[in-house]
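Open the model in your viewer and keep the selection tool ready. We will go stop by stop.

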Amino acid sequence: MIRFEHVGLRYGIGPEVLSDINFALEPGSFHFLTGPSGAGKTSLLSLMYLGRHPTRGLITMFGQNTGGLTRKQLVPLRQRIGVVFQDFRLLGHMSAFDNVALPLRIQGKSEKEIGNNVHELLEWVGLGDHMHVLPSTMSGGQQQRVAIARAVITRPRLLLADEPTGNLDDEIGYRLMNLFEQLNRMGTTILIATHDHALIEKFGHTKLILDGGGLTVEQSTHWLAKKIEGVF
Amino acid sequence: MRNPFKKDRMIGKARQKRQYDLPLNKSSGTGFLILLICLMTFLAMLALAASFALSAMTERWSSGLENKVTVEIPAEKPDGTIYAPENIKSQTARAYEVLSTHPSVVSAHVMTDEEIRDLVRPWLGEDLPLGKVPLPGLISVELNDSTLKTVKILETKLQDINEKARIDTHEEWLSHLLRFTGALQFAAALLTVIIGITTVTAVAGGVRSRMAVHNAEVELLHLMGASDNYISRQFQRHSLIMAFQGALGGIGIGGIALMTIGWISGEMGVSLLPDFTLGAVQIAMLAALPVLVALIATLTARQTVLKVLAQMP
Ligand SMILES: Nc1ncnc2c1ncn2[C@@H]1O[C@H](COP(=O)(O)OP(=O)(O)OP(=O)(O)O)[C@@H](O)[C@H]1O
Ligand SMILES: [Mg+2]
């Protein structure tokens, strides 16, 4: 479904941040993306959410070569992707409710449907009594939960999350990871960029490791353990 | 008792009313643009009204003068001496005789001394010493055919009565006047075009700077899969409201100005000034000005936004 072939990216005339990246994500898979700070995790995600074009290589999203698509043809592809940005990117003049409702409004959903879904989801992430509050008066963790709610409200085919649990305590962090797992079981392909090794260990999905511009894939021991358990 | 903490609890609460996706109504510079559009609409309205008044005036003059000529029996002989007033009277009467029997003449009217004095008064002043100035004989004539040939034939006939008799067809005077009003109308049209260009430039500039200010938000909408149309609608709506406000203000002030001008020219009774009473169609056209301005602003905003968005991947 998603395939990177010999993808390279450089900013302006700087060095290549990503060079010769090759990987594929199967539909319904769950991956972690790790690597040291500055390795290019956010850059790789920006290529996937179609925020920029690669300087070289081929990117296939939902079976379509993105290099051959017009700007107009990219719009429906973007609507199938939910993104949790590392810096949240909430709209400051809007309440939490309106921020979460935004992707649905963009997709032209009815206000009734929007009202029900947004209420339910905000309750679920523990922001039931913060619906009509502006992001600027929320804590970092609360803002992060609004950002996550906004990314999943449309039930995207692909969810990209950049450090989604960075500001959260363990309990709410695991709660949100469970939300991602639940979405994953319903068919959403998930890629989470994180430094949090404890989290990776606990959930044990396949790791994509970025370092020095290259990418390696590491099957989790967890996954192997499950496999071995099945064999014996 | 009122709850003293009630106000505190409102801090940070968003208004329940749905907000625009982009906080355009809160951006600075909006007031300035509204004022500018107000001024531009006001100027456009004046230019249009002036052009309407000019065309009404030329219409009236040229239709009133068509096929009308004035026969002049001068008081002066070719040798420079002056005819006695009785001679002028009898020559004018004979000329009238000739004219009223001619087949090309529809009607002829010998002007009385009183009428002639009324005609020259605006130029010579009120206290004209009567009798001192020899008045020519004037006959206003309506022809059914004012071609040069007919006029020449009539003129030759009249010159048998008075050698210097001549027929004034108003043509030269009228063509001067038409050229003058034509130039004025062209200036008014040019002014309207300049006003239009200024408005378009100002709106486009405003939209551009607003897009730069809200670049992060615009990019976010784009990444969420908002189509160019969706994003552009945000700016169009803002421009539409802004332009409408400005244009309504402009047309209000312009209406007051036009009524004042109309009242002043009526009060002074200046017949040489163009008539400022406008027809229903013309008033409707002026009233439609805000709609036109709002439309121009909306289309300009759209074009500008689409051009900027085309730079995004
Ligand atoms: N918009 C940009 N323009 C120029 N250089 C950039 C830009 N964004 C990132 N970079 C550079 O690309 C490299 C990778 O950055 P990136 O943000 O992708 O790393 P990261 O793995 O997400 O780091 P972190 O874990 O700290 O979030 C860095 O050297 C950074 O300076
Ligand atoms: Mg990053």
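**Stop 1: the sheet in chain B and its helices**

Select helix α5 of chain B, residues 148-159: this helix lies across β1, β2, β3 and β4 of chain B and runs at about 145° to β4(B). Helices (H or I, at least four residues) and strands (E, at least two) are DSSP runs, numbered from the N terminus. Axes are lines fitted to C-alpha atoms, for helices over the stretch in contact, and angles run from 0 to 180 degrees between N-to-C directions. Contact means heavy atoms within 4.5 Å.

A word on the model: it is predicted, so local features need pLDDT of at least 70 and side-chain atom pairs count only at pLDDT 80 or more, while totals for chains, interfaces and linings use all residues. Residues are numbered from 1 along each chain as its sequence is written, chains are lettered from A and ligands numbered from 1 in the order in which they are written, and side-chain values use heavy atoms, with hydrogens and water left out.

Now select helix α3 of chain B, residues 85-101. This helix lies across β1, β2 and β3 of chain B, at about 10° to β3(B).

Show the strands next. In what order do the four strands of the open sheet in chain B lie? The order is β2-β3-β1-β4, with antiparallel pairing. Two strands pair if DSSP finds at least two bridges between them. The edge strands of chain B are β2 (105-110) and β4 (166-168), and each pairs on one side only. From one strand to the next, the twist averages 25°.

Zoom in on β1 (residues 68-73) and β3 (residues 137-143) of chain B. Six bridges join this antiparallel pair. Pick B:E72, and you will find B:L138 of β3(B) opposite.

**Stop 2: helix α6 of chain B**

Select residues 171-213 of chain B. Helix α6 has 43 residues and reaches 62 Å from its first C-alpha to its last. That is close to the 63 Å expected at 1.5 Å a residue; the expected span is 1.5 Å times one less than the number of residues. Colour the buried residues of α6(B), including B:L174, B:L177, B:T181 and B:A188. Buried means under 20% relative accessible area, exposed over 50%, partly exposed in between (1.4 Å probe, protein chains only).

**Stop 3: the magnesium ion**

Select ligand 2. Which residues coordinate the magnesium ion? A:T42 (OG1) and A:Q86 (OE1) do, at 1.9 to 2.2 Å. Donors are N, O and S atoms within 2.8 Å of the metal (3.2 Å for Na, K and Ca); water is not among the atoms, so sites may look incomplete. A:T42 sits in helix α1 (residues 41-48) of chain A, and A:Q86 in the loop between β6 (81-84) and α3 (96-106), 44 residues apart. A:T42 is partly exposed at 36% relative accessibility, and A:Q86 is partly exposed at 42%.

**Stop 4: strands in chain A**

Select β6(A). A:I81 and A:V83 point one way, A:G82 and A:V84 the other, and all are buried. Four bridges pair β6(A) with β7 (residues 158-162) in the parallel sense. A:V84 stands opposite A:A161.

Move to β9 (residues 206-211) and β10 (residues 214-218) of chain A. Five bridges join these antiparallel strands. They form a hairpin with two residues between them, and A:G212 in the turn has a positive phi of about 55°.
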